[in-house]
Amino acid sequence: MPAPHATWAVPASTPSPTASKPPGTLPPAGRLSTSSSVYTADSSRTAVLNVRGMTCASCVATIENSLRREPGILACSVALLAESAEVRYDPQRLAPADIVSMIDDLGFEAELGAQKVDGAVDLKIFGMTCSSCSGTIEREVGQLDGVTSVAVNLLGEVGHIVYDKNKLGVRDLVEKIESLGFDALVCDSGSNMQVESLHRTKEIQSWRTAFWTSLLFSGSLMIVTMLLPRFIVNHMFCPGITFGGAMALALATPVQFGVGQRFYSTAYKALKHGSYTMDVLVVMGTSIAYFFSVASILYSFSIGSMEPPEIFFETSASLITFVTLGRYLENLAKARTSTALSTLISLTPSNAVLLQVDKDTKATVERKIPSELIQPGDLIKVVPGERIPADGVIEFGTTSVDESLVTGESLPISKAVGDAVIAGTTNGAGMFHFRATRVGSDTTVSQILKLVSDAQTSKAPVQDLADRVASVFVPGVIILGTLTFLFWAAVFATSSWSPPHFDPALSRFFFAVQLGISVVVVACPCALGLATPTAVMVGTGVGAQLGILIKGSGPLSVAHRLTKVAFDKTGTLTVGKMAVSGYSKSIADDLLSRAEFLDLVGVAESGSEHPIGRSITEFCATELAAAATGVPAFRSTMERFEVVPGQGIRADIRRANGSLAEVLVGNPGLMTAGGCAVGEEAEAEMRRQEAGGLTVVLVAVNTVMAGTLALADRVKPGAAETVARLRALGLGVCMITGDQRLTAEAVARACGVSEVHAEVSPNGKRLLVEQMQAAGHRVLMVGDGVNDSASLAQSDLGVAVYGGTDVAIGAASVVLMRDDISQIVTVVDLCRRIYARIKLNFLWATV
C-alpha cells in the first residue's frame, strides 16, 4: 500500500493566477518580473513548515492534494510523525506566507520552520536601544566581505545574516557586532525543538483533558441508560419525555458540542475541500445519533406519546470518548519519536577551548568559546574525558577516542598526529590539539541529525486503513440510508400496509425517516471507528507485557509485508563488550608457570582504563580463582605503570618471590620498542586468530615473548536461533556494520548470516536500506546506536534493542525492553497478528 505522502511536479506551463494576493503576501523585491512569467528550475525555493493538528494519514493526503491544486506549488512532502512539510514553490507566484495561509485554511496550524539556507545564522543581539543601533549593525556588518544580507529586528533583538561560508564564519560576525559595542549570541539551536516540544505537550494535555471529560459524561450516561432500573429510566415527567431521556440529553450535550467541537471544525474544513476523513465519519455518525434522538424526544412530546422515545445519545458520547482516547495515545507516540533529534543535538559539547597566538607576545593563549563559534581552520584543545566539538585532524598529542556512538566500533580508537577526529565522540586519557575542518551543520553528527530528520520527513507511515475505508464507507452509508428512506416512503405512499408493532400514533413519514437514520447510526461509525483502536490497544498491551513497546499503529500495517531483516552487529547480535576468548603461553613452564603468567598480566592491566585492559584483568582473576579457590587472585604488586597510546601498557611488577619483572602488554609495535623480538611463532598465532575475527594482544616479560591473548565481542545467546526462526518466517537476513570485515564475517558465521555489509558509515547504512527498498524489499532494521538511527528511521520498521542509545530508541518504531534478541521474532509475529485482527474487525464492522 502506498505511503501517505507523495512528491509531485507542476508543469512549467501552469497558467499564472489572475487573482491578486492579499496585502502582505507579495514576494520579496526583485522576484517579480513584469516582462516575463517564465519559471526556471534554478529560481525555485523550498519552504520548511511546522504543521500541527494532523492526526492521521488522511490529514497528510488532504494537505498534499490541496496544495497540489495551487498554482506556483512545484513539489511537496508532508510528514505525519515529524509534523513538518517541505514545499518547493515558484517565488514569482507565491511567498512562504501564502503557503502558511493555504494550510491554515485547511484547518491545521502552520508556521515557518528553520529554513534550509546555507550560510545563514540568527544572532541574539543585546544592547540595542533605538533604530539607529539596528541601522548601525546592518550597515557595518553588511560591509564585511562575504555578507549577502543583514536584517535586524530591534524589538525582537534578533539579527538574521546570510553570508558566504567560504569567506567568513559565525565568529567573525559575532566579533564584528561586539566591536560595535553590542553583545551577540548565536540563537539556541535547541530552541525550536523546545518550542515544538511545548506545542506537543500542550496537544497531549488537550487530548488528555478531552478524554477524561468525555469519559466522565459518557460513563455517567452509560450508568443512567444501562444500569439504572427500567422503571426509573422510563418514568415520564410528562407525555413523551422520560427521566432517562432527559438525563441522557443533559449528559450527551457537553460531549457532543464541548469535546466534539474540534471534530466539527476539522470535518467542516475537510468537506470544504472534498475530503472524507475519519473526523467526517465521527461527526456524521455522532451528529445523526444526537439530533435524531433530540427530534425523537420532541416528536414524542408533540404527539403526547406514552411510549419512551427511541434515542441514541449513548452512541454519540461513547464514540467521541473512544476516538479522543485514540488521539491521546497517538500524540504520546509522536512525542516519543521526536526525542531522537533533540538527543542528537546534545551530543556536541556546548563550549570548546580555542588556541590563538597573541599578536603582541606571540604566545599561544587559550580562549573558551561556544562550540557554534568554531570556524574551519581553528586550533582546538581537547582534554581527557571531553566530547570533541568539531570534525578535524590532530596536530599535537596522542590519545584514544570512543567513536562507538558514530561508527559502532566497540573499542576506543587510537589517535595520533594526522588522524581524523569526529565531533560528538569522547576523548580518552590523552590530551591533544586538532585543526577544525568541518564545523556546525557540516560535522558528522549534524549530518546524522539531517539523515534522521530527512528519513522521518520523507517516510511517513503507511496509509491508515481506517481512513481508506472511511473514504468509501462514508458516502456508501449515506447512500444506503437515503435509499432506505426512499424505499419506505414509497411503500407508505403507495399502500396502507404497516409493519408489525407499528405505533398508530406515529407519523408514517417520520417512521420512514427513522428507518433511514437508523441505518446510518447503526452502520456508522461505531464499529468502524473502534476497529483499529481496540485491536491496537489490546495488541500493544500484550506487547508491553512481553517487554515490547510498539509506538502507535504504524508498525502494525508494515509487519505483514516485511521481506528482509537487517541487523547491526555491535550491541545487537553481539554483547558489545570485549572478552578474552583464550590465551596461549609461549614461554617455558620452568621460567614462567601458567599461574604466574596470568598473575603478571592481570596485575599489569589492573591499572588500565581501556575496555580491553579491564576485560583481561577480569579474565585473569577469574582463571586464577577457579584454579585456587580461597587464594587471593593476584599475589604480585605493581610498582610502576605507563600507558603507551596506540600501542599498549608497560608495567613494573613486584612478584611474590620478591623479584621485579617488566611486563609489556600490547601490539607488535610496543614489543619492538621495548626490545622484544615477536618471533615467527607469535606472528603465526596472531595471523591465525585475526583471520577468525579476534583481537590479539601480545605479552612480554623482561623482553622475552611470553604469550598471546585473544579477545572477541561475544555473540548474544539465541542470536543464531533468532536468525534461523526469521528465515523460517520467509524473511531474508543480512548484517550491516561499521566494524572491520574479518570481525564482521566471523560474527556472521556464528549467527548463520550469509549476507554481510562491513565497514559501512552511518549514511552508508541508510543508503543500503534505501537500496533494499528500491529493490522491492520491505526492511526491518535492528540496531542500538546513534550510527544506526538514520537507517532505523529510513527502514519500514525500525527496532531498537535493549540498552540502545536514546537516539536509536527515538528513531525506532519498536523498542525491546528485555535483553533477549529472540524478541525480534515475537515483534514480527505479534504485529502480523494485530494487523490481521484489525482487518477482521473491519470485515465485521462493514457487514
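Glu 662 pairs up with Arg 650 in a salt bridge, with the closest N and O atoms 4.0 Å apart (a salt bridge is a side-chain nitrogen of Lys or Arg within 4 Å of a carboxyl oxygen of Asp or Glu). The pair ties together distant parts of the chain: Glu 662 sits in strand β25 (residues 660–666) and Arg 650 in strand β24 (residues 648–654), 12 residues apart. Salt bridges with shared partners join Arg 640, Glu 642, Arg 650, Asp 652 and Glu 662 into one network.

Arg 650 counts as buried at 16% relative accessibility, while Glu 662 counts as partly exposed at 26%. Here buried means under 20% relative accessible area, exposed over 50%, and partly exposed in between (1.4 Å probe, protein chains only).

## About the model

This is a predicted model, where local features need pLDDT of at least 70, side-chain atom pairs count only at pLDDT 80 or more, and totals for chains, interfaces and linings use all residues. Residues are numbered from 1 along each chain as its sequence is written, and side-chain values use heavy atoms, leaving out hydrogens and water.

The structure holds 24 salt bridges. One of them joins the side chains of Arg 171 and Glu 175 (3.6 Å, N to O). Both residues lie in helix α4, four residues apart, or about one turn of the helix. Helices (H or I, at least four residues) and strands (E, at least two) are DSSP runs, numbered from the N terminus. Arg 171 is buried at 7% relative accessibility, but Glu 175 is partly exposed at 30%.
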